Amino acid sequence: MNIADKRWTAVLIGSIGFAVAGVVSLLVVSLSACGRVEPPDQVANPANYELIRTALEAGGGSGETAAVQQLAQPTGFATLSGTFKLSGSPPARVALPISGDDRNVCAPGGKTILDEKLVVGPQNGIEDVLIYLTTKIPLDDPKWVHPSYDAQKNAVVEFDQKQCLFLSHVFAMQSSQKLRILNSDPVAHNTKLSPPGGRGDNPIVPSRSAYEYNEPGVELRSPFEVSCSIHPWMSAWMIFRDAPHFAVSKPDGSFSITNVPAGVDLKFRVWQERASSLTSANVNGQAQSWSKGEFTIKLEPGETRNLDVVLDAAAFK
Amino acid sequence: MNMTTFSSGTRRLSLLASVLCVAALLTGCESPDARFRGNMVAIRANFGDKYRTQDQHVKDIADVLAAMFGTPDEPHVPKLPDLNTAEVLDIDKLRMAAGPVGSDEFDRPRGLYRQHCAHCHGISGDGAGPTAAFLNPYPRDYRLGKFKFKSTPIGYKPTHDDLKKILIDGIPGTAMPSFALLDNDEIDALVHYVKYLSIRGEVERDLIRYAATLDLEAEPPERIVNVAYAKEKPSDFAEQLEEVQRSAARLVTQWQNARSNVMEVAPPSRDMNDPQARVAAIRHGRELFYGAVANCFSCHGDTALGDGKVSYDDWVKDPGWIDGSTNQPIAAQIPEFLALGALEPQVLRPRNLRLGMYRGGRRPIDMYWRIRNGIEGTPMPAAAFKPEGAPEDMKGLTHDDIWDVVEYLRSLPYESISLPAPQELENLRERS
Amino acid sequence: MGRFWSLLFLLVPVLGVGAFVFAAADVWPIHGHWLPDNINDHGGVIDSLFMFILYLTGVIFIATGIALFWFLWRYDAAKHAEPAKFTHGSHTLEVVWSILPAAILLFIAIYQMNAWADAKIRRPIESSGPDGVAGTADDVPQRPLALVTGRQFEWQIHYSGPDKEFNSEDDTVRDDVFIVNELHVPVHEEVVLQIESQDVLHSFFLPNMRIKQDVVPGMKQFVWFRANREGTFDIVCAELCGWGHYKMKGRLTVESREKFDRWLAQQYDEQQRRSFVAGTGE
């Protein structure tokens, strides 16, 4: 290799290096300038949305053209009951960060209060598991909704708080019922409700008084969180359902829903705060796979069906 | 090797390098076509770890929204049975606000939203425009359908005039400036467009919640809308459309009803222009401020400096990444949500009431509304209200109590500890 | 060919001078690009200073343009075969072209001092102080009508009200009025404004008043003017203050004392609003 070659090699390497450095720095600059993550664009298919728009504008969804779907008629009523149990060891409950001027009321004597996200009682029963009917049923038809539910349809239900804890950590009510929020504490609370799609509210409830939220009017697909801004550790979950067929499990994990329409396929959804979407369960000794916490069941008229549901600790994160 | 190969190689390389540079510049910062962005944060929040496999739902939602609301350049007002949607969303005004910035053949402005709002509030009204991440508080995300400063109670939509007032006055203490100098019909157009984006965003969230109850793995897959059904199963298709229309109809009705939910307010019984009456009102208001019924001090602090409880607002909490018991962000979830376009969680401090800076308006009536109704989307609750003729032992603030609290708050910035150092009247240049 | 270039370069001074002449005469093709109307009694001084400097620089600009053209034309290589000559310069010439501009600059510096003092230092006075002689150290300067605070991206206007005090501590007087982007002032009266910034550098610019004052956070500035015509005019920001700088625009309304008082009272009443009945708005 002669000297000229060497010089040209140096020039070549130099220019490559320069070009690479230039490209890299430009890329870095252009990427960092626009580097914020942005969600993807919504790309609609013109053929599809034109069709949907035409159908909507023609009153396609107004129910007039929609044929009323013929549901199978129930043949009577039955009771659905059972227990929710945990297999395996539950995640540890953590101490609530109780502080502020009201701590003598909220944690008398500096007592440690644990969170209620997953409370496992005696014999591994899981408290506060919500089970509710998701199949849409005709609410005015006594064949579907037993007259025993008539009395509670417009009743007032109470949601109370004491020692800076909501007394019902999971609370279910009918959307036609009237909600009264109570405060049994010597200090003021505020109860913040933000039901998705429903009417939000955030009243101050002075000590030992009540606030009328009245009827929610809308059905919710899943529970929403209730909070208190004065005591930020307070947390509960609430759901409004049109049909009265729901239950929240007791400290021993047991639940019972009476007068469930029998002889028809019904879908129930099981919800627990730490495992909102359950995909599997062991029911009466048999492994079942659930879709989004839902299972289908058909009850015989007059029977009391008992479900021993065992949920694996792995589902509770 | 001879020299010509080297030099031609170098030339080719530098050509390649320049092409790459130009390409990088062009692709890196090219402003994309205006398109609405999907609410991936809500998809993640509703579907949990399975959110990546919901492409069918994402596509269906895009189709349904485009059918009902059109695109950022071509807005559409959905026709809803038994509803006069035009009352809430005026298509002419929407067209004035939508589209690229410019003017039409009659020299009327077009693209007002993109000219004045989109850089903060985003094309989709998601409050995540290019400048959003640098602001505190973040620009409003309209898609939750919640607005803070209004004449209606929590849970009800603001009126047209409420939104207009914010555009005209701006929000002091935030990055929201005043648009007072725009023409009245331009402001009207922007308000209509904000409502449009809000309704669209809420319908999208509704559809996502609905989709979360549907099983794509079922046979046949449960979809929000399946256009193939239009011919195959018209009754199923109609049923799907009905579900879709229901949430739009509910929202349009809520906006329509806003005016009938306005809280009318009577003036205080005291004559606040009378110095003695005002002093009495301030004294009484102060007692209430520190009392257990109004409970203001527990958040705004013993000194009213806003040094009480730190919290998060509903827009920050929305992805569900704030733990309800500890009131702290769930650290593990943050990177994932950020990658989907969420903004870093920003804490919310109670207002410092001594600054004389009133975000929701400084008129006594504005302050009355905020105390009486609370502030939607924030921890600020509505006062416990004791109506006239209520039993004596009922706990709550009466109409006049609230006015006294208002008067106390109005006096706070004038207390000596709130005031800045006395003014120098000389034309001196002071450096602080 | 060479002479073509000299003619082309002549276009630069011709177009430059033309732009000014057409703009000043306000004729086609440059309409409305001369100075905005001056509505400030004290603004004439600024305009005359501007015109004086413009004439001065104009004369020099035209002379330089002609000289450059003449050299290009006269010594064009195609027509002028004589070789170039090199000199070591002229001491006399250098002295002349150093002293002359220095003298002119010094003259301008002294000539404008009064205008500067009137615009920036000699604030209108409320009273001439205990000694009763105006222009002495104990004069009481006029208190500002309003405090204008720049913030990204708007002008907040805070009127001191009848008591002429901001944030008066007196419980019975709470007459301050807060407005955004709308500045109203009475005509034919000395108006003093206090200018501050809440965040970054802004510049408070009233083109029609010939007033432009940078606003520095933490500093207090005063500007004053006496408007002599009613109407609405622009308030703009003349300091790049962020991405929204272009939208930081306000409206200045000059009106009669009666109208101004009525307007301020109206704003005050709206600000004191204590009742609400649902209107018939949209």
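Author: Start with one term. A residue is buried when its relative accessible area is under 20%. The model here is predicted.

Reader: What is the reading for B:Cys117?

Author: B:Cys117 counts as buried, at 8% relative accessibility.

Reader: How many Å separate the C-alpha atoms of A:Ile16 and A:Tyr132?

Author: The separation is 68 Å. Along the chain, A:Ile16 and A:Tyr132 are 116 residues apart.

Reader: Now cysteines. How many disulfides does the structure hold over all chains?

Author: The general idea comes before the case. A disulfide is a covalent bond between the sulfur atoms of two cysteines. Over all chains, this structure holds one. A:Cys106 and A:Cys164 form it, with their sulfur atoms 2.0 Å apart.

Reader: Which parts of chain A does the pair tie together?

Author: A:Cys106 lies in helix α3 (residues 103-106) of chain A. A:Cys164 lies in the loop between β4 (161-162) and β5 (165-166) of chain A. The pair therefore ties together parts that are 58 residues apart in sequence. A:Cys106 and A:Cys164 are buried. The angle about the S-S bond is -45°, and the link of A:Cys106 and A:Cys164 is left-handed.

Reader: Let me look at whole chains. How many helices and strands does chain A have?

Author: Chain A has three helices and 20 strands. It has 317 residues, and 45% of them count as buried. Next, ask how contacts span the sequence. Take contacts in chain A between residues at least 6 apart in sequence: 68% of them join residues at least 24 apart.

Reader: Which chains have the most contacts between them?

Author: Two pairs of chains touch, and chains A and B have the most contacts. Chain A and chain C do not touch. Their nearest C-alpha atoms are 15 Å apart.

Reader: How much area do chain B and chain A bury between them?

Author: The size of an interface is often given as the accessible area lost when the parts come together. Here chain B and chain A bury about 7,000 Å² between them. Carbon and sulfur atoms carry 59% of that area. Chain B gives 92 residues to the contact and chain A gives 75 residues.

Reader: How many salt bridges cross the interface of chain B and chain A?

Author: The rule finds six salt bridges across it. One pair to look at is B:Asp314 and A:Lys192, which form a salt bridge with their closest N and O atoms 2.4 Å apart.

Reader: Which elements of chain B give two or more residues to the side that touches chain A?

Author: Among them are α1 (3-29), α2 (40-47), α3 (55-69) and α8 (184-211) of chain B. α1(B) gives the most, with 11 residues. By type, the residues on this side of chain B divide into 50 nonpolar, 20 polar and 22 charged.

Reader: How many of the eight residues of α2(B) are buried?

Author: Six of the eight are buried, and α2(B) is mostly covered. The buried residues are B:Met40, B:Val41, B:Ala42, B:Ile43, B:Arg44 and B:Phe47. They pack against α3, α8 and α14 of chain B. Just after α2(B) comes B:Gly48, with a positive phi of about 60°.

Reader: One last residue. What does the side chain of B:His399 reach?

Author: The side chain of B:His399 reaches the backbone oxygen of B:Pro267 at 3.4 Å. B:His399 is in helix α16 (residues 399-411) of chain B. Leaving out residues up to four places away in sequence, B:His399 touches residues including B:Val265, B:Tyr368 and B:Phe385.

Definitions and conventions:
Residues numbered from 1 in each chain as written. Chains lettered and ligands numbered in written order. Predicted model: local features only at pLDDT ≥ 70, side-chain atom pairs only at ≥ 80, totals over all residues. Heavy atoms only, no water. Disulfide = S-S within 2.5 Å. Helix = DSSP H or I, 4+ residues; strand = E, 2+ residues; numbered from the N terminus. Buried < 20%, exposed > 50% of the residue type's maximum accessible area, 1.4 Å probe, protein only. Polar contact = N/O pair within 3.5 Å; in protein donor to acceptor, adjacent residues only side chain to side chain. Contact = heavy atoms within 4.5 Å. Buried area = accessible area lost by both parts, 1.4 Å probe. Salt bridge = Lys/Arg side-chain N within 4 Å of Asp/Glu carboxyl O. Nonpolar A, V, L, I, M, F, W, Y, C, P; charged D, E, K, R; others polar.
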